[in-house]
Amino acid sequence: MCELFIKADTDLWESTTRSLRIDRMVTSVRLETYFWTILEEIAKRDDMSVGQLLTRLHNESIEARHDLGNFTSFLRVCCLRYLSLQVTEDIPKDKSVPISTLNAPQLLKNERAYRAQTRAIENAS
């Protein structure tokens with residue numbers, strides 16, 4: 001089983017630091033290559049650059065009063081949720097479908113129901 005993970009391309013987990021401007025402040029974000037690839041895919045779906053996507057995520061998180069003490073962890077979770085929501089088919093795998101056109105409230109409702117169902121199954125075993 002572990003061979004699937006151990007023999008993966010080592011470039012995927014090498015870290016890369018990118019500098020970007022958020023609210024006229026230059027900041028650096030360090031993530032593994034694979035997470036940058038996913039962020040690029042998400043951004044491209046809505047005709048944005050990665051910098052624009054990160055700025056938007058940062059600003060909307062601040063507006064929602066999230067504690068962004070660890071922005072890179074938040075970005076990693078965003079990437080994992082994106083992939084997870086594709087597995088459950090809540091986000092289409094068709095990359096031509098913009099994320100902004102999806103029904104976010106319904107997707108969140110579906111995600112919560114799926115997570116509750118998963119927890120119930122785990123607790124029953």
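Trainee: How accessible is E41: buried, partly exposed or exposed?

Mentor: E41 counts as partly exposed, at 21% relative accessibility. Buried means under 20% relative accessible area and exposed means over 50%, with partly exposed in between (1.4 Å probe, protein chains only). This is a predicted model, in which local features need pLDDT of at least 70, side-chain atom pairs count only at pLDDT 80 or more, and totals for chains, interfaces and linings use all residues. Residues are numbered from 1 along each chain as its sequence is written, and side-chain values use heavy atoms, with hydrogens and water left out.

Trainee: Which residue forms a salt bridge with E41?

Mentor: The partner is K95, and the closest N and O atoms are 3.5 Å apart. A salt bridge here is a side-chain nitrogen of Lys or Arg within 4 Å of a carboxyl oxygen of Asp or Glu.

Trainee: Where do E41 and K95 lie?

Mentor: E41 lies in helix α2 and K95 in the loop between α4 and α5 (104-124), so the pair ties together parts that are 54 residues apart in sequence. Helices (H or I, at least four residues) and strands (E, at least two) are DSSP runs, numbered from the N terminus.

Trainee: How many salt bridges does the count come to?

Mentor: The count comes to six. Among them is the one in which the side chains of R18 and E40 meet, at 2.6 Å from N to O. R18 is in strand β1 (residues 15-22) and E40 in helix α2 (residues 33-45), so this pair links distant parts of the chain, 22 residues apart.

Trainee: And how accessible are R18 and E40?

Mentor: R18 is partly exposed, with a relative accessible area of 27%. E40 is also partly exposed, at 34% relative accessibility.

Trainee: What about E32: which side chain does it meet in a salt bridge?

Mentor: The side chain of E32 meets that of R76, at 3.0 Å from N to O. E32 belongs to strand β2 (residues 25-32) and R76 to helix α4 (residues 71-87), so the pair ties together parts 44 residues apart in sequence. E32 is buried, with a relative accessible area of 18%, whereas R76 is partly exposed at 23%.

Trainee: Changing topic, where does T55 lie?

Mentor: T55 lies in helix α3 (residues 50-63) and counts as buried, at 19% relative accessibility.

Trainee: Which backbone oxygen does its side chain reach?

Mentor: The T55 side chain reaches the backbone oxygen of G51 at 2.9 Å.

Trainee: Which residues does T55 touch, not counting those up to four places away in sequence?

Mentor: T55 touches L20, R21 and I22, where contact means heavy atoms within 4.5 Å.

Terms used: A polar contact is a pair of N or O atoms within 3.5 Å; within protein, one must be able to donate a hydrogen and the other to accept it, and residues adjacent in sequence count only if both atoms are side-chain atoms.
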